[in-house]
Amino acid sequence: VFEGNPFKSVVNGSLWTIPIEVSCYIGVLMLGISGLLKSKRRSMACLVAALLWVVLWGQNINIFGATVQSAALPTYYAAFIFGAIFFQLKEWLSPSMLLSGCLLVVAWFIPSNNFTHFLGIAALGYFVVNLAQWMGHRWSEKRGSIDLSYGIYLYAFPIQQSLSDSFPQDTGWMLLAKTIPLCLICALFSWFVVERPALKLK
């Protein structure tokens, strides 16, 4: 499909992350079922062990056939694990945009090797967590608010592909103008019919 599009033969390019995410969630599920996540100390030990494992052998872990180069897999797994580590350390990590920004800049300029690469992933993760907290304080989510982020992520690409196929003469701006309302409608449908009911089951 979409053979005539600039981005050929792909229905939803955004979904390339899903196999990696599912692999990570299955790992968390297995650790939870085993009881290894009942205490912070055991959780941290498991996460550090998992981090070492993916750094050394992550390129061989591709359970669901993610369409990425094997050499890139350890980076994605490590990013997920660093996020879990930051969550476990949230009581000790003081939120600081200045500190996290400085760490990110330092990591950017350090000569890259196998070790500093993953330090950079950690610095980026810490910065993103701080940025999310900073934004959250200013635009606090109210109870009952609508979250269209996942629906937009999920439906934008196939909508753009379909429009590009149906209206090949359109410019990028014309396609964007058509994509935004269609994407918002699909995201609203997804939120009210799928996502919000699913969140109520937590």
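Reader: In which helix is the place of Gln88?
Author: This is a predicted model. Gln88 touches Lys40, Ser43, Met44 and Leu47, leaving aside its neighbours within four places in sequence. Its own place is in helix α3.

Reader: Is Gln88 buried or exposed?
Author: Buried means under 20% relative accessible area. Gln88 has a relative accessible area of 16%. Gln88 is therefore buried.

Reader: Which residues does Ile85 contact, leaving aside its neighbours within four places in sequence?
Author: Ile85 is one of the residues with the most contacts inside the largest nonpolar core. Leave aside its neighbours within four places in sequence, and its contacts are Met44, Leu47 and Leu51.

Reader: How many residues has the largest nonpolar core?
Author: In soluble globular proteins, nonpolar side chains tend to be buried together. Here, those with the most contacts inside the largest core include Ile20, Val54, Tyr77 and Phe82. The size of this core is 19 residues.

Reader: Is Thr75 buried or exposed?
Author: Thr75 has its place in helix α3. Leaving aside its neighbours within four places in sequence, Thr75 is in contact with His117, Phe118 and Ile121. Its relative accessibility is 18%, and the limit for buried is under 20%. So Thr75 counts as buried.

Reader: How many disulfides does a search of the whole structure find?
Author: A disulfide is a covalent bond between the sulfur atoms of two cysteines. Take Cys46: the closest cysteine sulfur, in Cys24, is 15 Å away, too far for a bond. The search of the whole structure gives a count of 0.

Reader: How far apart are the C-alpha atoms of Phe192 and Ile146?
Author: Phe192 is found in helix α7 (residues 172–199). Not counting residues up to four places away in sequence, Phe192 touches Ile146 and Pro197. Phe192 and Ile146 are 46 residues apart along the chain. Their C-alpha atoms are separated by 8.6 Å.

Reader: What does Phe192 count as at 37% relative accessibility?
Author: Buried stops under 20%, and exposed starts over 50%. Phe192 has 37%, so Phe192 counts as partly exposed.

Reader: How many helices does the protein chain have?
Author: Read along the sequence, the pattern is α-α-α-α-α-α-α. The chain has 0 strands. The number of helices is 7.

Reader: What share of the contacts with a separation of 6 or more comes from residues 24 or more positions apart?
Author: Along its principal axes, the C-alpha trace spans about 55 × 40 × 40 Å. Now take the contacts in the chain with a separation of 6 or more. Residues 24 or more positions apart account for 68%.

Terms used: Residues numbered from 1 in each chain as written. Predicted model: local features only at pLDDT ≥ 70, side-chain atom pairs only at ≥ 80, totals over all residues. Heavy atoms only, no water. Core = buried A, V, L, I, M, F, W, Y, C linked by side-chain atoms within 4.5 Å. Buried < 20%, exposed > 50% of the residue type's maximum accessible area, 1.4 Å probe, protein only. Contact = heavy atoms within 4.5 Å. Helix = DSSP H or I, 4+ residues; strand = E, 2+ residues; numbered from the N terminus. Disulfide = S-S within 2.5 Å.
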